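Please look over the sequence and the model below before reading the briefing that follows.

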Amino acid sequence: MKSWRLSCLVRGLAVGLLLWGLLPAALAPATDQPHELLVGIEPEHNIFDQMERYRHLADYLAGQLQIKVRFTIMSRYGEGIKRFKARKLDGAFLTPYPTNKALQELDLEPLVHPVGLDGDLTSQGYIFVRQDSAIRGADDMYGKSIVFVDPATMEGYLFPLAYLLRHGMDDLSRDFSRFYFAGSHASAILAVLDGRADIGAAKSTVFNRLADEDNSIRQELFILGRSPAVPEITLCLRKELDATLRSRLTTILLTMDQNSQGQMALKRFKALRFVKAMAAEFSKVAALEEEVRPLLKEAGKRE
Amino acid sequence: MKKKILISFLVLFLVFVGGVIITLHVIDKTTENLTALLLLHKVEVLRQDLVINVQTVQSNLYTTGTSFGKELDIIVDNVLTLHNRAQTCMECHHEPPVEKEILQLQELIEQYKEALSYFITSSADPQRIMRLQTFAADIGDQIIDKSQWMVMSANHALRNKTTAAMAEVSGAKKILYATLFFSFLVGIAISLYFIKSITGPVAELLAATRKIKKGELEYQIEKKLKDEFGELGGAFNEMALSLKEQCNRLQETERLAVVGELSAGMAHEIKNPMAGIKVSMEVLSRDSPLNPEDKEILRRVIDEIDRITGLLKGLLNYARPPKPQMISLDVNQVLETTLKSARFALRTPRHKKAEKVEIVKDLSADLPHIVADPGQLQQIFLNLILNSADAVAASGETQGLITIETRLLAGGWVQIRFIDNGRGIDPDSFDKVFNPFFTTKSQGTGLGLAITKRLVEQHNGGSITVTNNPAGKGAVFTIIFPSEQDNRGQS
């Protein structure tokens, strides 16, 4: 009788220890949470100042998420798409055209947009010429030189292509003496200002910022055309990323203007707040892409 | 001396505090100089780091797009490190020309960042990219040149500052040594002063002590000693005087003891034969058939025997006064009783001449009781009244007067004065008045006042003095006894 009781006690203890050992595993989340969040950034006017701005945001997010958050700069627009495909990014702050492309070609989720200090979160494409040039319409452009920003930009490539197409110019090599990509919006603006190109395209936010820094830009450049406004920057995340993490990140970003630490980080990031992003916001970009698809195919063949 | 010691300690303390302040100042100055030098060395390291950073970025610049090129993130990190390094330079305080150079350097770095960014993000034709690369590289070279020039300037400044700092440290060391030497000198001076101030008077006091030890009780410290030593010298002189007085008193006491013993022995030996002679003389005078002339001779012999017996009795009284039986009593009452006896005594043949002397009482009504032997007190008062009466009679004064006065003095002392209008006392005799066997009377034994003094002094705190009457002629005997309350307090 006594040995039976002892046996029961030993069995009970063994079962208890087993349950104790299994308990943490049972309570753990089902998905695998990464130890580091790697987010790409597309280049702006000065990539070093840009990295400085994003560093404050990374520090804040790391503090809130309790994981390492690292931002990596990309040297070209559109490089983000390649890196997403190579699964080397968890997310990226993308400009409109890469965002639209990523939504179409990759399984990405548009998360949030930063709202600029002027309260605007959108940008639009400008086509501009020098005031002293004789170009005042599409008809005056034939035989001139034109500078684009990058093939992966809506404001610096899609929109000017659509503009040209609408005005009957469907062959860049034929209709222009020279066309090239400056690599950045500022470079494209400066190329027209310096006379290295007759016609230029760039996004409004960079144009206005440079014009604010140098008043002569507004006096010397004449804007011929403006594209529809679309969200300038969108944070997109891989959908395979842990859902809890994505949800937490969204909440943190959308509420960071409601606490002093977040407000400080936003101030250094030069934004007022983050707002929720919707895939539908990029329908205008998709339409533009659709409009210039023949020209894009032609350009693709040449490359 | 206490004041001098305090002042000296204060001076030493101030010198010490001064030394400490100078030492702290020297340490502060030296530390400040060393800190400045360390800072300069740190700045030197920062500038060298800056040059290395620029060279690293330049290397990134030239290898971008080649197989040796670094990832963009690394290049960005290097440029940001360079930027932060330049920012660090501004955190320190600089002279205006240096600050201007640093601002120019920072401006160049901002331009460098801009140019690099253009170059890195540019996708235009290769010639333009080459131009952007050259432009950025030129700015980088300018930064290196400027940094190296600043390093050379800093080195020069560092060398000058090091020399200046070492000179200041050397100067500070001299000041420190001088302060220590000065403090040492002040300490020595103060010590010497105190040694001289203490050893001189101590030697003087020691010499005086040795004189006293040798028995020179009249020796007095003539030298004027300073401070507390002056007070000590005064006290020493007073002590020597007191010692001399005590010694004299002791000698007197010893002398009296010898006289007393001798007198007591003689009186005892003489008294009995004298009684026998007196009785024989009286029998002879009464019973023998002698003629009146012979009987007169016998009567004179008997009178002389009585005088000798009285003298012996007086001697015995003086040598061995009876032990007083102390009780609380009223002095005025004892005086009244004594006066009755005195009037009776003044009618005897011995004081016949003083019979007409008037005795006036001036007794204080609120006199407290004293503790005394009533018999001995009566004897004292009677002696003094009879002595005054004899003195008045001897002066030939027709209106002889003795005033007896009692008063309560401050401190609870009771004073009794016997004032006569007789001849007074010769100034040379004041010291001898109370000596035994001193008398100015032809028939006096010289024991009355000596016994009186002995009896007064047998009473606790009692004393007797004599002076000439300052208000007129005659003498004044003054006795003082403590009141009963005061006597208990003394007991």
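Why does Ser153(B) count as partly exposed? Ser153(B) counts as partly exposed because it has 14 C-beta neighbours inside 10 Å, and a residue is called buried at 20 or more such neighbours and exposed at 12 or fewer. The model discussed here is a predicted one, and the points below are grouped by topic.

**The setting of Ser153(B)**

- Ser153(B) belongs to helix 4 of chain B, the helix that spans residues 126-213.
- Although Ser153(B) and Val98(B) are separated by 55 residues in sequence, their C-alpha atoms are 9.1 Å apart in space.

**Packing of helix 3 against helix 4 in chain B**

- Helix 3 of chain B, which covers residues 96-121, packs on helix 4 of chain B with the axes 9 Å apart and at an angle of about 160 degrees; because of that angle, helix 3 of chain B is roughly antiparallel to helix 4 of chain B.
- The crossing in which helix 3 of chain B passes helix 4 of chain B is left-handed.
- On the helix 3 side of this contact in chain B the residues include Leu105(B), Leu108(B), Ile109(B), Tyr112(B) and Phe119(B), while among those they meet in helix 4 of chain B are Ile129(B), Leu132(B), Phe135(B), Ile139(B) and Met150(B).
- Sorted by class, the contact of helix 3 with helix 4 in chain B comprises 15 nonpolar, 6 polar and 2 charged residues, with Glu101(B) and Lys146(B) among the residues that take part.

**Helix 6 of chain B**

- Helix 6 of chain B runs over residues 292-319, has 28 residues and reaches 40 Å from its first C-alpha to its last, which is close to the 40 Å expected at 1.5 Å a residue.
- Buried positions in helix 6 of chain B include Leu312(B), Leu315(B), Tyr318(B) and Ala319(B).

**The contact between the two chains**

- Where chain B meets chain A, 16 residues of chain B are in contact with 18 residues of chain A.
- Helix 2 (72-91) and helix 3 of chain B each contribute at least two residues to the side of chain B that touches chain A.
- That side of chain B has, by class, 7 nonpolar, 5 polar and 4 charged residues.

**Each chain as a whole**

- Chain A has 12 helices and 13 strands, and buried residues make up 40% of its 303 residues.
- Chain B has 10 helices and 7 strands, and 23% of its 491 residues count as buried.
- In chain A, 79% of the contacts between residues at least 6 apart in sequence join residues at least 24 apart; in chain B, residues 24 or more positions apart account for 73% of the contacts with a separation of 6 or more.

**Positive phi values in chain A**

- Most residues other than glycine have a negative phi.
- Gln66(A), a residue other than glycine, has a positive phi near 65 degrees and lies in the loop between helix 2 (47-65) and strand 2 (68-73) of chain A; Gln66(A) is exposed because 8 other C-beta atoms lie within 10 Å.
- Lys270(A), which is not a glycine, has a positive phi of about 65 degrees and is found in the loop between helix 11 (260-269) and strand 13 (273-276) of chain A; with 12 other C-beta atoms within 10 Å, Lys270(A) is exposed.

Note on methods
Residues are numbered from 1 along each chain as its sequence is written. Chains are lettered from A and ligands numbered from 1 in the order in which they are written. This is a predicted model: local features need pLDDT of at least 70, side-chain atom pairs count only at pLDDT 80 or more; totals for chains, interfaces and linings use all residues. Helices (H or I, at least four residues) and strands (E, at least two) are DSSP runs, numbered from the N terminus. The expected span of a helix is 1.5 Å times one less than its number of residues. Axes are lines fitted to C-alpha atoms, for helices over the stretch in contact, and angles run from 0 to 180 degrees between N-to-C directions. Angles under 35 degrees count as roughly parallel, over 145 as roughly antiparallel, 65 to 115 as roughly perpendicular and the rest as oblique. A crossing is left-handed if the near helix is turned anticlockwise from the far one by less than a right angle, and right-handed if clockwise. Two residues are in contact if their C-beta atoms, placed from the backbone, lie within 7 Å. Ala, Val, Leu, Ile, Met, Phe, Trp, Tyr, Cys and Pro count as nonpolar, Asp, Glu, Lys and Arg as charged, and the others, Gly among them, as polar.
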